Amino acid sequence: MHVSEKAPAKINLTLDVLYKRQDNYHEIEMVMTTVDLADRLEFTLTNDNKIRVDSENRFVPNDERNLAFRAAKLLKDRFHVQHGARIKIEKHIPVAAGLAGGSSDAAATLRGLNRLWNLNLSLEELANLGSEIGSDVSFCVYSSTAVARGRGEKIEKLPAPPSCWVVLAKPQQGVSTQSVYESLSLDNIVHPDTNGMIEALHSGDYWGICKRVKNVLEAVTLPKQPEANQIKEQMIHSGADAVLMSGSGPTIFGLVQQETRAIRIYNSLRGFCEDVYVVRMLGTESLD
Ligand SMILES: C[C@](O)(CO)[C@H](O)COP(=O)(O)OP(=O)(O)OC[C@H]1O[C@@H](n2ccc(N)nc2=O)[C@H](O)[C@@H]1O
Ligand SMILES: Nc1ncnc2c1ncn2[C@@H]1O[C@H](COP(=O)(O)OP(=O)(O)OP(=O)(O)O)[C@@H](O)[C@H]1O
C-alpha cells in the first residue's frame, strides 16, 4: 500500500525577532506562505517494523539525521505503531536555502504516515508533534499562509496572498540557521509592520503586501553574501514588485504579477546564478 504527499517550500513575507529567550531560542513573529516548488514523498507500508528513507540527493542524509526519518520515528514511538514504512523523497527544493525543505518533508511525513498507519490524528495534533522536530515543522503541517509566533510553533492561519509569480534564486554558499540567529544584534532592529501585513492579507491588497515585506535576519546574512546582494539588486533592477530574503537565507525571492516580467527576471539571473526558479504563489493547502 502507498500514499503520496506534496511538500511545498515556504517563503517569509515578514520575519521579526522580538527577544532572546531563556531556552536560547528567539521569540519570533513571522508571516509565511507557500510556493509551488515542492518535494514529492511516497510512503510504502512494510511488515518489517522499520523506517527507511531514500532521498537520492547527495546533500541529504538518509539516516536518523533526515527530518522525515525523525518525524516517522516520533509517530511510530509515540503511538506504538507495529508497522514499518519506506519513505521515498524526490527533492526539488534546494537544501539549506531558507525554504524549509527539510521541515516540509518532516511535515509531509507526519501527514502521509498518519494516513498510511491509520492514526486519525488531526492537523492540529500533527502540528503539535511537528514542533518537537523543528521550529518550522508546525507551519509546514498546514502548508498554507499563517503568522507564526513563539519559536515558530504557534500558528494562526491567514488568507492566501493574491495570486502572483514568485522568482526564487539561491546563492551557492549556504548558511547555518543557528549561526544567523546567534549573530543577530538585538539592538537597533527595525521591526516589520506585521499587523499591517496581516491586514493586507485579509483585504487581498497585493501592493500593501509588497510594501511591507521585511526580514530582520537580512541584516546578518546579506553582509556575508555578496551573491545574495547581487541577486537582490538584479531583481529590483528588473522590476520585481517586492524582493526579500526568505528565512535565515540565503535564498532571495521576488514577487511579480506579470508572467512576462517574471521570465525577464529569471533570464537576467541565469547568467550568474545556477539555482533559479519561477513558480506560482500557492498560499492555500494544496497538498495532493
Ligand atoms: C529561520 C526560520 O526558518 C524562519 O522560518 C526558522 O526560524 C528556523 O526554523 P528551523 O530551521 O526549523 O529551526 P530549528 O531547527 O528549530 O532551530 C535551528 C536553530 O535556530 C535557532 N533558532 C530557531 C528558531 C527560533 N525561534 N530561534 C532560534 O534561535 C536556534 O539556535 C536553533 O538551534
Ligand atoms: N529531508 C531533508 N531535506 C533537506 N535537508 C534535510 C532533510 N533532512 C535533514 N536535512 C538536513 O537539514 C539541513 C537543512 O536543510 P533544509 O533544506 O531544511 O534547510 P532550510 O531550508 O534552511 O531550513 P529552514 O528554512 O527551516 O531553516 C541540511 O543540511 C540537511 O543535511
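1. Domain bounds, as used in this note, come from an automatic or database domain assignment. The structure is a predicted model. With those bounds, the protein chain is divided into domain 1, residues 2–157, and domain 2, residues 165–280. The shell around ligand 1 draws at least three residues from each of domain 1 and domain 2.

2. On the layout of the two domains: their centres, taken over C-alpha atoms, are separated by 23 Å. In the contact between them, domain 1 takes part with 23 residues and domain 2 with 33 residues.

3. The side of domain 1 that touches domain 2 can be described by element and by class. Both β1 and β2 supply at least two residues of that side. Its largest share comes from β1, with nine residues. By class, this side of domain 1 has 14 nonpolar residues, five polar and four charged.

4. Which residues come nearest to ligand 1? There are 18 residues around the ligand, and Gly 134, Ser 135, Arg 151, Tyr 181 and Gly 247 are the nearest of them. Sorted by class, the shell has ten polar, six nonpolar and two charged residues.

5. Three elements each supply at least two residues of the shell around ligand 1: β1 (2–20), β2 (26–46) and α5 (177–183). A reader tracing these elements will meet β1 and β2 again on the side of domain 1 that touches domain 2, where each supplies at least two residues.

6. The largest nonpolar core has 84 residues. Ala 68, Ala 72, Leu 110, Val 166 and Val 167 touch the most other members. The largest share of this core, nine residues, is supplied by β2. Like the ligand shell, the core draws at least three residues from each of domain 1 and domain 2.

7. Which residues does Leu 110 contact, once its neighbours within four places in sequence are left aside? They are Ala 71, Leu 75, Leu 126, Leu 129, Gly 130 and Val 141.

8. UniProt lists residues 197–274 as "domain: GHMP kinase C-terminal", and the entry is unreviewed. In the model, the chain over residues 197–274 is 53% helix and 14% strand.

Note on methods. Residues are numbered from 1 along each chain as its sequence is written. Chains are lettered from A and ligands numbered from 1 in the order in which they are written. This is a predicted model: local features need pLDDT of at least 70, side-chain atom pairs count only at pLDDT 80 or more; totals for chains, interfaces and linings use all residues. A residue is near a molecule or strand if its C-beta atom, placed from the backbone, lies within 6 Å of it. Helices (H or I, at least four residues) and strands (E, at least two) are DSSP runs, numbered from the N terminus. Ala, Val, Leu, Ile, Met, Phe, Trp, Tyr, Cys and Pro count as nonpolar, Asp, Glu, Lys and Arg as charged, and the others, Gly among them, as polar. Two residues are in contact if their C-beta atoms, placed from the backbone, lie within 7 Å. A nonpolar core is a set of buried Ala, Val, Leu, Ile, Met, Phe, Trp, Tyr and Cys residues joined through C-beta atoms within 7 Å. A residue is buried if 20 or more other C-beta atoms lie within 10 Å of its own, exposed if 12 or fewer, and partly exposed in between; C-beta atoms are placed from the backbone. UniProt positions are given in the numbering used here, feature names are shortened, and annotations may be inferred rather than shown by experiment.
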